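Please look over the sequence and the model shown below, and then read the report that follows.

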Amino acid sequence: KNLRLVPIRAKENFRLLLGNMGYYISLQEAIDSDKVVINEVSRSGIVSTLLVRNLSTDTLFVMSGEILIGGKQDRVVAKDMLIPPNRGEVKLPVYCVEKGRWKYSGNGGKFTGYYGMANEHLRDIIDHHGGQRAVWDEILKTNKKDGVYSGTEAYTAHATDRNFRRREQEYVDFFQNIFEGQDDIIGVLAVTGNLIEGADLFVSNRLFMQEYPKLIYAYLDDAITYGAPVQIQMNTIENYLNQLLTPHLQRSFVEEKGQAFRRGNQVIHIAVY
């Protein structure tokens, strides 16, 4: 239909150099297994900041664009972070994705729900530091285009809209297991119509496969809302990937198009749009 995913494969020397680097517990796994506690910074709360405590024995990988349900309003993570165990409470920068609510809705104020990833349009705004107003404007536009109603203007209202979920499921059924068993893939580039939605690139196949099940929602939701049948020329894709993957071009290309997350000098995750 409206989406094509182009796998990015690691060459053998890259895989030998880095091995299976990048084992971190994901935010979704940590929430589902009660290995993380996420709270407002105080009873009165601050829109742009939450507190995270990693209760697992592994380092927690939190990715920009991941959406949390609960607290005084639903939030979206504003930047990639690694949160070690036994660090205590760590400040997590966020944006609000539920403009019309500022009150607790049970769960003692904790964030116990995990929605998934924002679509590529919203991720682009977040990673380019578009600001809270731009985030709200994009949510209003997205909800309207998708025919999703929310009394609190919540992006997460997509989860309970049967028509949108039905359209979403067609893509999930096709894409969710398409890379299974392919241990050289470390990223994908997503295309809709004659446009490149964006690309995500990880330090290892292990980390890519861990994060891919949620990332496909970012790509397919964007394709549903803003996309068209794929008609892009292959040379457009090749030119984009050449700039992303060529060492002396990569830094300036990523700075213009998105974000690179590093641990020391090692790039862990690149997201470009």
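At the start of helix 3, which backbone nitrogen does a side-chain oxygen of Asn119 reach? That oxygen lies within 3.2 Å of the backbone nitrogen of His121, where a polar contact is a pair of N or O atoms within 3.5 Å, one able to donate a hydrogen and the other to accept it, with residues adjacent in sequence counted only if both atoms are side-chain atoms.

This is a predicted model, in which local features need pLDDT of at least 70 and side-chain atom pairs count only at pLDDT 80 or more, while totals for chains, interfaces and linings use all residues. Residues are numbered from 1 along each chain as its sequence is written, and side-chain values use heavy atoms, with hydrogens and water left out.

His129, with a positive phi near 55 degrees, follows helix 3.

An open sheet of five strands, paired antiparallel, runs in the order 1-11-12-14-13, and strands pair if DSSP finds at least two bridges between them. Strand 1 and strand 13 are at the edges with a single partner strand each, so one side of each has no neighbour in the sheet.

| Edge strand | Residues |
|---|---|
| Strand 1 | 4-9 |
| Strand 13 | 258-263 |

Strand 1 pairs with strand 11 over six bridges, and Val6 stands opposite Leu189 in strand 11.

Note on methods:
Helices (H or I, at least four residues) and strands (E, at least two) are DSSP runs, numbered from the N terminus.
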